[in-house]
Amino acid sequence: MKNIFKNTKTILEAENVLAEYFTRNSAKGNYLSDLPATEDDIKFLLSEFEKLNLTLIPIEYCYELRLSILVAWTFSLTFEFTDSSIRTQFLSLTKKLSQHHLRYYAETVASAFEDYALASFGHNFNKVEGLTNTIEMHASLSNQKSA
């Protein structure tokens with residue numbers, strides 16, 4: 001498997017690569033685990049998020065990076081990167097928000113599921129739990145494929 005982010009230098013370029021992949025494959029329905037990502041690809045995304053610190057960026061930027069957030073979070077679980085900060089950063093961010101803003105952030109990131117025909121497994125994204133449960137289901141699918 002080759003690195004999908006081989007010539008990618010920024011997180012926004014990575015987001016474009018992901019958007020292109022999931023747009024091209026949306027007709028058949030998508031699972032995040034369908035992405036042929038390598039450990040190096042996910043390490044790249046995670047390092048970019050380390051530089052950004054999600055807790056300090058505006059929601060508009062979360063919207064621009066929503067596929068990268070979902071992919072990094074899902075595959076950090078898949079590859080068992082226990083020191084991954086993407087989940088921690090996002091959940092830390094949610095603890096600082098009012099209920100209204102919390103729902104808005106979750107729905108913003110989760111909007112990628114509808115926009116790119118990603119499986120939501122029937123979860124509701126009005127709560128962060130719906131988002132985290134869906135991500136965990138995508139990660140478990142990926143683990144089943146690699147077993």
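Biologist: How is the packing of helix α1 against helix α4 to be read, and at what angle do their axes cross?

Modeller: Two packed helices are described by the angle between their axes and the distance between the axes. In this predicted model, helix α1 (residues 11-24) and helix α4 (residues 66-78) have axes that come within 8 Å and cross at roughly 85°. Helices are DSSP runs of H or I with at least four residues, strands are runs of E with at least two, and both are numbered from the N terminus. Axes are lines fitted to C-alpha atoms, for helices over the stretch in contact, with angles from 0 to 180 degrees between N-to-C directions.

Biologist: Which residues of α1 meet α4?

Modeller: From α1, the residues are Ile11, Ala14, Glu15, Leu18, Ala19 and Phe22. On the α4 side they meet Arg66, Leu67, Ser68 and Val71. Contact here means heavy atoms within 4.5 Å.

Biologist: Which helices do the buried residues of α1 pack against, and what does the opposite face carry?

Modeller: The buried residues pack against α2 (39-52), α3 (59-64) and α4. The face turned away from the buried side carries the exposed residues Asn16, Glu20 and Arg24.

Biologist: Is glutamate 48 buried or exposed?

Modeller: Glutamate 48, found in helix α2, is buried, with a relative accessible area of 10%. Leaving aside neighbours within four places in sequence, glutamate 48 is in contact with Lys9, Thr10 and Ile11. Ile11 also belongs to the buried residues of α1.

Biologist: Where does glutamate 107 lie, and which residues does glutamate 107 touch?

Modeller: Glutamate 107 is found in helix α6 and counts as partly exposed, at 33% relative accessibility. Not counting residues up to four places away in sequence, glutamate 107 touches Phe125 and Asn126. Glutamate 107 and phenylalanine 125 are 18 residues apart in sequence, yet their C-alpha atoms are 5.7 Å apart in space.

Biologist: What backbone feature does alanine 117 show, and where does alanine 117 lie?

Modeller: Alanine 117 has a positive phi of about 55° although it is not a glycine. Alanine 117 lies in the loop between α6 (99-115) and α7 (128-146), and is partly exposed, with a relative accessible area of 31%. Phenylalanine 121 lies in the loop between α6 and α7 as well. Its phi is near 55°, again a positive value in a residue other than glycine, and phenylalanine 121 is partly exposed, with a relative accessible area of 31%.

Biologist: How many helices and strands does the protein chain have?

Modeller: The chain has seven helices and zero strands, and its elements run α-α-α-α-α-α-α from the N terminus on. Of its 147 residues, 49% are buried. Among contacts between residues at least 6 apart in sequence, 69% join residues at least 24 apart.

Biologist: What conventions apply to these values?

Modeller: Residues are numbered from 1 along each chain as its sequence is written, and side-chain values use heavy atoms, leaving out hydrogens and water. As this is a predicted model, local features need pLDDT of at least 70 and side-chain atom pairs count only at pLDDT 80 or more, while totals for chains, interfaces and linings use all residues.

Note on methods: Buried < 20%, exposed > 50% of the residue type's maximum accessible area, 1.4 Å probe, protein only.
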